[in-house]
Amino acid sequence: MAERWRPETHTFHLPEGEMTITLKDVAILTGMPISGDAIIGPTTKPEGGWGPLIRDRLGFDMPTTTPIQGRGHPPLNAGQVSVPWLVSHIQQEVEINDETLEEQVERYARIYLIGLVGGFLFPDKSNRWIQGIWLDMLTGDWDAIGQKSWGSAVLASVYRELCTCSKVGAKQAGAAMFILQLWVWEHLPMFAPLDPRPYRRNNDELNFLQNLPYGVK
């Protein structure tokens, strides 16, 4: 599909004509909102560096000099947070119970959101780093965060990455390419799995799926 993508028109050129992923596709397949405030914010190093911002948002310090095991970079490197280090740290030290303070619960939830947004919706090509800019964008009023136009931002990043990886010499693709996979399965069924359901679902599972995005089904 990347080889059939045309950056000039942002469409796939197929023998039958042109097709492209639309905002409606993103909304139905993923359930992400496509209306609301745009996903915008500062993309430069904050005043005072990344350390104080991480300490304020996540509640702990990240090493800036100790290399990751088997890697030559520290967990916090040039405004990027190491995904393996963050996951390992949380698994070892985070435990939520009835006595956990609300402030701590919010910090843990913010860590999850940063991992979800920076590592899944807007991943880099290595899938090992999360851009520090998400630390600032995923703060403030929780309801306001959920009402932003995440679907349009993700689709824009997919478009941009398709334009990049369609060039001669490109070997990898970042962005949320699972959207492209789901879109292909839905609109070009000859490429979809013969049976996407590995087992017969019972009534409880079917009722549960009714409240989930179409792409999950």
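What covers the buried residues of helix α8? The cover includes strands β2 and β3 together with helices α1 (23-30) and α7 (150-165). The buried residues concerned are I179, L180, L182, W183 and V184 of α8, a helix that spans residues 178-187. Here, buried denotes a relative accessible area under 20%, exposed one over 50%, and partly exposed a value in between (1.4 Å probe, protein chains only). Helices (H or I, at least four residues) and strands (E, at least two) are DSSP runs, numbered from the N terminus.

The structure is a predicted model, in which local features need pLDDT of at least 70 and side-chain atom pairs count only at pLDDT 80 or more, while totals for chains, interfaces and linings use all residues. Residues are numbered from 1 along each chain as its sequence is written, and side-chain values use heavy atoms, with hydrogens and water left out.

The protein chain contains nine helices and six strands. Of its 217 residues, 33% count as buried. A contact is defined by heavy atoms within 4.5 Å. Among contacts in the chain with a separation of 6 or more, 64% are accounted for by residues 24 or more positions apart.

An open sheet of three strands is found in the order β1-β2-β3, with antiparallel pairing. Strands β1 and β3 stand at the edges and have a single partner strand each, so one side of each is left without a neighbour in the sheet. Strands of a sheet pair through backbone hydrogen bonds, in either a parallel or an antiparallel arrangement. In the present analysis, two strands pair if DSSP finds at least two bridges between them. Strand β1 (residues 5-6) meets strand β2 (residues 11-14) over two bridges, with R6 opposite T11 of β2. These two strands form a hairpin with four residues between them, and H10 in the turn has a positive phi of about 55°. Strand β2 also pairs with strand β3 (residues 17-19), in the antiparallel sense and over three bridges. In β3, E18 is the bridge partner of H13, and M19 is the bridge partner of F12. The hairpin that joins β2 to β3 passes through two residues.

L14 belongs to strand β2. At 15% relative accessibility, L14 counts as buried. Leaving aside neighbours within four places in sequence, L14 is in contact with R4, M19 and L188. The C-alpha atoms of L14 and R4 are separated by 7.0 Å, although these residues are ten apart along the chain.

A search of the whole structure finds one salt bridge, a term that denotes a side-chain nitrogen of Lys or Arg within 4 Å of a carboxyl oxygen of Asp or Glu. The side chains of R6 and E8 meet in a salt bridge at 3.1 Å, N to O. R6 is partly exposed, at 36% relative accessibility, whereas E8 is exposed, with a relative accessible area of 60%.

In soluble globular proteins, nonpolar side chains tend to be buried together. A nonpolar core is a set of buried Ala, Val, Leu, Ile, Met, Phe, Trp, Tyr and Cys residues joined through side-chain atoms within 4.5 Å. The largest such core has 45 residues, of which I21, W134 and W150 touch the most other members. At least two residues of this core are supplied by each of β2, α1, α2 (50-58), α4, α5 (133-137), α7 and α8. Helix α7 gives the most, with nine residues. Not counting residues up to four places away in sequence, W134 touches I39, I114, V117, G118, F122 and W150.

Helix α7 also contains S157. This serine is buried, with a relative accessible area of 8%. S157 touches L121, F122 and A175, with residues up to four places away in sequence not counted.

On the surface, Y112, L116 and F120 form a nonpolar patch with about 320 Å² of accessible area together. Patches are made of residues with over 30% relative accessible area and no salt bridge, like charges being joined within 9 Å and nonpolar side chains (Val, Leu, Ile, Met, Phe, Trp, Tyr) within 5 Å. F120 lies in helix α4 (residues 102-121) and is partly exposed, at 42% relative accessibility.

Note on methods. Accessible areas come from the Shrake-Rupley method with a 1.4 Å probe; for residues, only the protein chains shown count as cover.
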